[in-house]
Amino acid sequence: SIAHAGERMKKGASILIFPEGTRNTKEDELLDFKVGGFLLALKCKAKVVPIVMGGTAAIVPRGKFRVRPGTVAIKALPVIDTTQQYNIKQRDQMMQDVWDQMNPVFVELDKCQHQLTS
């Protein structure tokens, strides 16, 4: 699927990847990121737009396919130009840098969602 996504990107498609690789049930931090999406971005020399969502666990609980009513908070972070900042050998550093940018926003969005629903 990563190779197919790479072919689509070369033709101009934007690809959405969830770097945790699974549903996160934690509220206090993101899970560790998987390397596949980062390698794809680096190999395709793509720009990455980190997008953080909060409140999704209440709307689509893990293991369920039914969407419940609710509100999701979304925040886009600054664009990362992989051609300017990283190369393949720096993929682990890129993953950590993106996690470090996204995690505090994830925690804040999740807190806001809990205040809205409490």
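Sort the lining of the largest pocket by class and you get 26 nonpolar, 14 polar and 6 charged residues. Keep in mind as you click around that this is a predicted model.

That lining comes to 46 residues. To find the middle of the pocket, select Ile17, Phe18, Pro19, Ile51 and Met53, which lie nearest its centre. If you have a surface tool running, the volume of the largest pocket is about 1200 Å³.

Now colour by secondary structure. Helix H2 (36-43), strand E1 (47-48), strand E2 (51-54), helix H3 (56-59) and helix H5 (91-117) are the elements that each give two or more residues to the lining of the largest pocket. Which of them gives the most? Select H5: its share of the lining is 7 residues.

**Stop two: along H2**

Next, zoom in on H2, one of those lining elements. Show side chains for Gly37, Phe38, Leu40, Ala41 and Leu42, the buried residues of this helix. Then step just past the end of H2 to Lys45, where the backbone takes a positive phi of about 55°.

**Stop three: a pair of rings**

How many aromatic pairs does a search of the whole structure find? There is 1, and you are looking at it: Phe33 and Phe38. Their ring centres sit 5.8 Å apart, with 20° between the planes, so the pair counts as stacked, the cut-off being under 30 degrees.

Notes:
Residues are numbered from 1 along each chain as its sequence is written. This is a predicted model: local features need pLDDT of at least 70, side-chain atom pairs count only at pLDDT 80 or more; totals for chains, interfaces and linings use all residues. Side-chain values use heavy atoms; hydrogens and water are left out. Rings of Phe, Tyr and Trp (its six-membered ring) pair if their centres lie within 6.5 Å; planes under 30 degrees apart count as stacked, over 60 as edge-to-face and the rest as tilted. On a 1 Å grid over the protein atoms alone, a cavity is a set of points where a 1.4 Å probe fits but cannot get out, and a pocket is an open set with protein on both sides within 12 Å along at least five of seven lines; lining residues have an atom within 4 Å of a point. Grid points are joined across faces, edges and corners, and a volume is the space filled by probe spheres set on the points. Helices (H or I, at least four residues) and strands (E, at least two) are DSSP runs, numbered from the N terminus. Ala, Val, Leu, Ile, Met, Phe, Trp, Tyr, Cys and Pro count as nonpolar, Asp, Glu, Lys and Arg as charged, and the others, Gly among them, as polar. Buried means under 20% relative accessible area, exposed over 50%, partly exposed in between (1.4 Å probe, protein chains only).
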